[in-house]
Amino acid sequence: PPGSVLDVGCGSGILGVAALRLGAATLRAVDVEPAAAEATTANAAANGVGGRTHADTTPLDELAGDHDLVLANVLAPILVALADGLVARTAPGGRLVVAGFLEDREAGVLTALDAAATRAGRSVAPLARRDEDGWSALALTVT
């Protein structure tokens, strides 16, 4: 399991809390909505992982460090806008999982993430893809 997880656009925190329950060491969760950070904190506590969770509204580009697993379940335009930060916050050899975008937006999301990686002197490689009811999710390795 990953040591550290970053959940971008955490909402209720379900993805990050699940990662902790599956063995991740720590969760850093961020969202533009204060209520989302509060919900994540409450859900982590309710699931017995509150001591390993920090959730707030810090913008992605203001975060320091990188994480073994970065999760972002948000719409395609937001993923495109956050591409540089998502790649930068993923540790070398780490995993980046993006979801919450329509299938027909996948190429644009991948192009943005690939361009962000190139700007950072890094690369992204797809590991897995899942489509359901018109929505997509991608798992990538960032090196």
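A pocket, on a 1 Å grid over the protein atoms alone, is an open set of points where a 1.4 Å probe fits, with protein on both sides within 12 Å along at least five of seven lines; lining residues have an atom within 4 Å of a point. The model is predicted, local features need pLDDT of at least 70, side-chain atom pairs count only at pLDDT 80 or more, and totals for chains, interfaces and linings use all residues. Residues are numbered from 1 along each chain as its sequence is written, and side-chain values use heavy atoms, with hydrogens and water left out.

**Exercise 1.** Describe the lining of the largest pocket.

*Solution.* Step one: 14 residues line the largest pocket, and V8, D31, V32, L60 and L82 lie nearest its centre. Step two: helix α3 (residues 76–89) gives the most to this lining, with three residues; helices are DSSP runs (H or I, at least four residues), numbered from the N terminus.

**Exercise 2.** Determine how α3 and helix α4 pack.

*Solution.* Step one: the angle between α3 and α4 (residues 106–119) is about 20°, and their axes are 8 Å apart. Axes are lines fitted to C-alpha atoms, for helices over the stretch in contact, and angles run from 0 to 180 degrees between N-to-C directions. Step two: α3 is therefore roughly parallel to α4, a term for angles under 35 degrees.

Methods. Helices (H or I, at least four residues) and strands (E, at least two) are DSSP runs, numbered from the N terminus. Angles under 35 degrees count as roughly parallel, over 145 as roughly antiparallel, 65 to 115 as roughly perpendicular and the rest as oblique.
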